[in-house]
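Student: I've got a new model on screen. Show it to me and let's go through it.

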Amino acid sequence: MIVVGISALYHDSACAVLIDGRLAAAAQEERFTRRRYDASMPAHAFRACLRQAGIGIADIDRVAYYEDPVARLGRQLWNGLPELPQSSPETLFRLDADRPFREIRELLGYSGEVVPVTHHESHAASAFYFSGFAESALLTADAVGEWTTTSYGRAGPDGIELFEEVAFPDSLGLFYSALTSYLGFEVNSDEYKVMGLAPYGEGTCAETLRTLVADLPGGQFRLDPEYFDFRRPDRMYTDALADLLPVAPRRPDDEIETVHQDLARSLQIVLEEILLAKARHLHERTGSENLSYAGGVALNCVANTRLRRDGPFRDLFVPPAAGDAGGCVGAAALVHHRLTGTYVRERMTDARLGPAYPADEVRAGLDIAGVPYLAFAGDETGLLDTAAELLAGGEIIGWFQGRMEFGPRSLGARSILADPRDSRMRDRINALVKKRESFRPFAPAVAADRCPEFFAWTGPAPFMLDTARVLDPAALPAISHVDGSARLQTVDAAVDPRFHGLLTAFGKRTGYPILLNTSFNVRGEPIVCTPADALAAFVRCGLDALVLGDLLVRARDLPDGWDRLVGLIPASPPRERTTVYSFV
């Protein structure tokens with residue numbers, strides 16, 4: 001039984017392939033088109049996933065779509081056309097509800113049955129079916145899917161059941177995004193910047209922000225409509241919010257002041273309080289000791305750690321692509337279970353689900369381009385020792401290995417790596433390579449078997465979806481945040497032996513089997529996908545070395561004139577700043 005999942009036409013579109021309930025491939029469209037958060041029907045990702053899975057279109061039994069287009073269009077029409085009567089004929093709500101199905105037929109070339117499931121069912125399924133739990137409580141939280149913004153449910157051998165929901169416009173995701181916009185950052189993109197800014201501030205605005213969200217009985221809450229307006233094309237809040245808060249809305253290029261840090265911290269505090277309260281309600285309702293959690297809000301790793309530490313559940317699983325991209329995985333898994341009555345009960349430990357590129361093609365490409373390299377085919381120890389030596393010597397390397405990661409994090413397949421002990425690395429990578437805000441932290445990857453020596457953490461954390469206290473921040477300044485925490489990735493030798501081997505080799509030289517691990521991309525671009533993407537980013541970023549599989553390229557060995565290519569290799573098409581919020 002082959003089911004293909006599709007998420008598309010909002011933001012961050014993606015495709016996934018399940019074969020007999022096992023996830024064979026998954027990838028986001030942006031990686032192929034080089035347009036961040038590409039929302040278009042994922043034609044490139046679709047073809048890449050079919051190739052990676054070794055199947056053709058004729059082999060597909062069903063395509064699962066990650067939301068109900070009719071219900072979503074109904075909300076959009078209601079929200080965009082307030083004069084439209086709610087009793088309008090259903091045909092009006094179908095004005096373009098056929099678009100996903102039409103584009104699946106015309107752009108993907110699939111003429112078989114397409115099964116839509118609701119947006120929050122897709123989120124819940126993306127967590128439960130890959131959690132390994134026999135049964136679980138379900139929590140989803142995002143901006144909005146159709147009409148639902150937060151949902152509560154349970155799951156087990158018979159499938160998933162969502163028994164309570166919060167409806168638009170009351171939304172934790174929109175609440176966080178509105179304040180993200182107020183702080184001068186981009187919606188549906190920069191919420192993680194607010195999370196990174198929060199530890200610099202104090203919760204001086206928390207009491208004020210609590211008045212914006214009424215905590216109601218059960219799983220319910222309500223945003224005060226006086227302060228939010230999700231119909232506006234230019235922002236998500238009213239003038240009343242500016243009157244209430246101690247600082248005017250920040251423009252994107254304005255300096256970040258203490259009051260902005262305090263507002264970010266207060267926002268994070270209030271979000272965590274609401275999530276904890278609703279998690280306790282869910283626990284009381286279900287009695288389960290397990291929580292499967294997804295939706296865009298589940299990418300807030302600080303809140304995730306708070307749920308683990310202070311929440312009522314014994315175990316928590318968040319999938320690596322918890323946002324809309326992961327909806328394709330959940331939709332496919334749910335449709336597979338409904339068709340077959342079975343599912344694979346297995347915990348996901350590896351997010352490397354995208355395409356890989358044959359070693360001979362990579363070598364041939366470098367030869368054609370005239371790029372010198374050192375080859376380590378058949379010499380794993382030599383490759384890892386050489387790379388570890390470069391890293392211990394202060395060099396920054398691009399690390400390109402095997403299949404591309406699915407989700408927003410680089411996890412050792414498409415990564416930029418550096419020495420976490422060197423305090424200069426944070427500034428150097430920020431200024432030269434990533435060209436990003438100085439307050440944003442970098443994450444560590446650590447050999448899982450030695451993690452407790454350096455971080456207050458036990459158990460796996462393979463997807464960078466939790467934070468942990470650094471036991472000795474002074475020894476690891478490049479990955480320790482201002483509050484002494486780090487967004488942690490543990491690397492298991494059985495899951496990714498090469499990356500684990502590199503961490504171990506670095507540890508033998510330094511005593512720390514830990515590397516700074518950040519996404520392999522230039523600012524404003526998606527994470528690299530192909531070897532050509534990696535080579536272009538290597539040159540444009542000014543990295544010291546690039547490891548492509550078994551091949552090592554040193555910047556100092558490049559022929560004369562290659563440095564001038566930095567200005568000739570085109571950047572990805574610029575993405576305009578979000579001014580119209582497409583969730584309406």
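**Loops, helices and contacts**

Student: Where is Arg34 found?
Tutor: Arg34 sits in the loop between helix 1 (30-33) and helix 2 (43-53). Helices (H or I, at least four residues) and strands (E, at least two) are DSSP runs, numbered from the N terminus.

Student: Is this predicted or experimental, and how is it numbered?
Tutor: It is a predicted model: local features need pLDDT of at least 70, side-chain atom pairs need 80 or more, and totals for chains, interfaces and linings use all residues. Residues are numbered from 1 along each chain as its sequence is written, and side-chain values use heavy atoms, without hydrogens or water.

Student: On to helix 2. Which residues are buried there?
Tutor: They are Ala43, Ala45, Phe46, Ala48, Cys49, Leu50 and Ala53. What covers them includes strand 1, strand 2, strand 3 (22-28) and helix 1, by contact (heavy atoms within 4.5 Å).

Student: What follows helix 2?
Tutor: Gly54 does, with a positive phi near 75 degrees.

Student: And helix 6 (residues 119-128): how many of its residues are buried?
Tutor: 10 of its 10, so helix 6 is mostly covered. The run goes His119, His120, Glu121, Ser122, His123, Ala124, Ala125, Ser126, Ala127 and Phe128.

Student: What do they pack against?
Tutor: Strand 6 (136-145), strand 7 (148-156), strand 8, strand 11 (290-294), strand 12 (315-317) and helix 13.

Student: Which residues of helix 5 (residues 99-106) are buried?
Tutor: Pro100, Phe101, Glu103 and Ile104 are. Down the axis of helix 5 they fall within an arc of 165 degrees, so they line one face. The arc is taken from the directions from the helix axis to the C-beta atoms.

Student: New topic. Which peptide bond is cis?
Tutor: The one from Phe168 to Pro169, with omega near 10 degrees. Pro169 lies in the loop between strand 8 (159-167) and helix 7 (172-182).

Student: At what angle do helix 11 and helix 12 cross?
Tutor: The axes of helix 11 (residues 258-286) and helix 12 (residues 301-310) cross at roughly 40 degrees and come within 10 Å. That makes helix 11 oblique to helix 12. Under 35 degrees is roughly parallel, over 145 roughly antiparallel, 65 to 115 roughly perpendicular, and the rest oblique. Axes are lines fitted to C-alpha atoms, for helices over the stretch in contact, with angles from 0 to 180 degrees between N-to-C directions.

Student: Which residues make the contact?
Tutor: From helix 11, Gln268, Leu271, Glu272, Leu275, Leu276, Ala279 and Arg280. From helix 12, Val302, Ala303, Arg306, Leu307 and Asp310.

Student: Last one. Where is Thr340?
Tutor: In helix 13 (residues 327-340). Thr340 counts as partly exposed, at 31% relative accessibility. Its C-alpha atom is separated by 9.3 Å from that of Gly21, 319 residues apart along the chain.

Technical notes: Buried means under 20% relative accessible area, exposed over 50%, partly exposed in between (1.4 Å probe, protein chains only).
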